[in-house]
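Please read each point alongside the sequence and coordinates.

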Amino acid sequence: VTLPSGGDSKLASVDPATGKVTEYKWSEKTCPRLPCRSGPHTIALSKEGNLWLSGGSSGEVWSFDVETEKFAAHKFTLPAEFPMGSMARWRATPGEPMPAVSRESYDIKQDSKGKLWFTLYDMGILMSLDPKTGVSKQYDLPETPSVKGVAVDAQDNVWFTNYDGHKLGKRDA
């Protein structure tokens, strides 16, 4: 499970045989001031049995190697401005910089080829990231003020929730 509270970036696991709880803290990603939402949010199992994590600081998704117990950051290119019609734009103060919370990923999944798919909630954007090459791509979603959940089906189609638009969307592979 993710434990993003208190300014720390942590995971916890439970050994089902013993009930022992172990915390894994990433000290380099501690939030310097509270309130803070820069910790991990959603976990997805990688093809190799490790973990992908959404949330994180702006412009990053994270991975956790279960064998070495090490975290790693994977950068993606952030949009330069709030998309028209996004919740982030609705709440933006003219002339103010983009708040960091609007640039955090919300949900994350991996397709059969290893590409990551994740959402930028307040921006209503679907993103992809190839962790091998570091190449990211932004998919603007028409009439989507915010986007939360993401799922990848057996044909690598990407499904997403147009959360405040009350719709389900699909990116055809």
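1. The second largest pocket is lined by 14 residues, and those nearest its centre are Ser46, Glu48, Trp52, Gln110 and Pro131. On a 1 Å grid over the protein atoms alone, a pocket is an open set of points with protein on both sides within 12 Å along at least five of seven lines, and lining residues have an atom within 4 Å of a point. The volume of this second largest pocket is about 220 Å³, a volume being the space filled by probe spheres set on the points, which are joined across faces, edges and corners.

2. The model is predicted: local features need pLDDT of at least 70 and side-chain atom pairs count only at pLDDT 80 or more, whereas totals for chains, interfaces and linings use all residues. Residues are numbered from 1 along each chain as its sequence is written, and side-chain values use heavy atoms, with hydrogens and water left out.

3. By class, the lining of the second largest pocket comprises 4 nonpolar, 6 polar and 4 charged residues. Here Ala, Val, Leu, Ile, Met, Phe, Trp, Tyr, Cys and Pro count as nonpolar, Asp, Glu, Lys and Arg as charged, and the others, Gly among them, as polar. Strands E5 and E6 (60–65) each supply at least two residues of this lining, and E6 gives the most, with 3 residues. Strands are DSSP runs (E, at least two residues), numbered from the N terminus.

4. An open antiparallel sheet is formed by 4 strands in the order E4-E5-E6-E7; two strands pair if DSSP finds at least two bridges between them. Its edge strands, each pairing on one side only, are E4 (40–45) and E7 (70–75). On average, neighbouring strands of this sheet are turned by 30 degrees against each other, direction ignored; axes are lines fitted to C-alpha atoms, and angles run from 0 to 180 degrees between N-to-C directions.

5. E4 pairs with E5 (residues 51–55) in the antiparallel sense over 4 bridges, and leucine 45 stands opposite leucine 51 in E5. The two strands form a hairpin with 5 residues between them, and glycine 49 in the turn has a positive phi of about 90 degrees.

6. Serine 54 and tyrosine 106 are 52 residues apart in sequence, yet their C-alpha atoms are 5.6 Å apart in space.

7. A further open antiparallel sheet has 4 strands in the order E8-E9-E10-E11. E8 (105–110) and E11 (136–140) are its edge strands, and neighbouring strands are turned by 20 degrees against each other on average, direction ignored. E8 and E9 (residues 116–120) pair in the antiparallel sense over 4 bridges, with lysine 109 opposite tryptophan 117 in E9.

8. Asparagine 157 is found in the loop between E12 (147–152) and E13 (158–162). Asparagine 157 counts as buried because its relative accessibility is 9%. Its side chain reaches the backbone nitrogen of alanine 173 at 2.8 Å.

How values were computed: On a 1 Å grid over the protein atoms alone, a cavity is a set of points where a 1.4 Å probe fits but cannot get out, and a pocket is an open set with protein on both sides within 12 Å along at least five of seven lines; lining residues have an atom within 4 Å of a point. Buried means under 20% relative accessible area, exposed over 50%, partly exposed in between (1.4 Å probe, protein chains only). A polar contact is a pair of N or O atoms within 3.5 Å; within protein, one must be able to donate a hydrogen and the other to accept it, and residues adjacent in sequence count only if both atoms are side-chain atoms.
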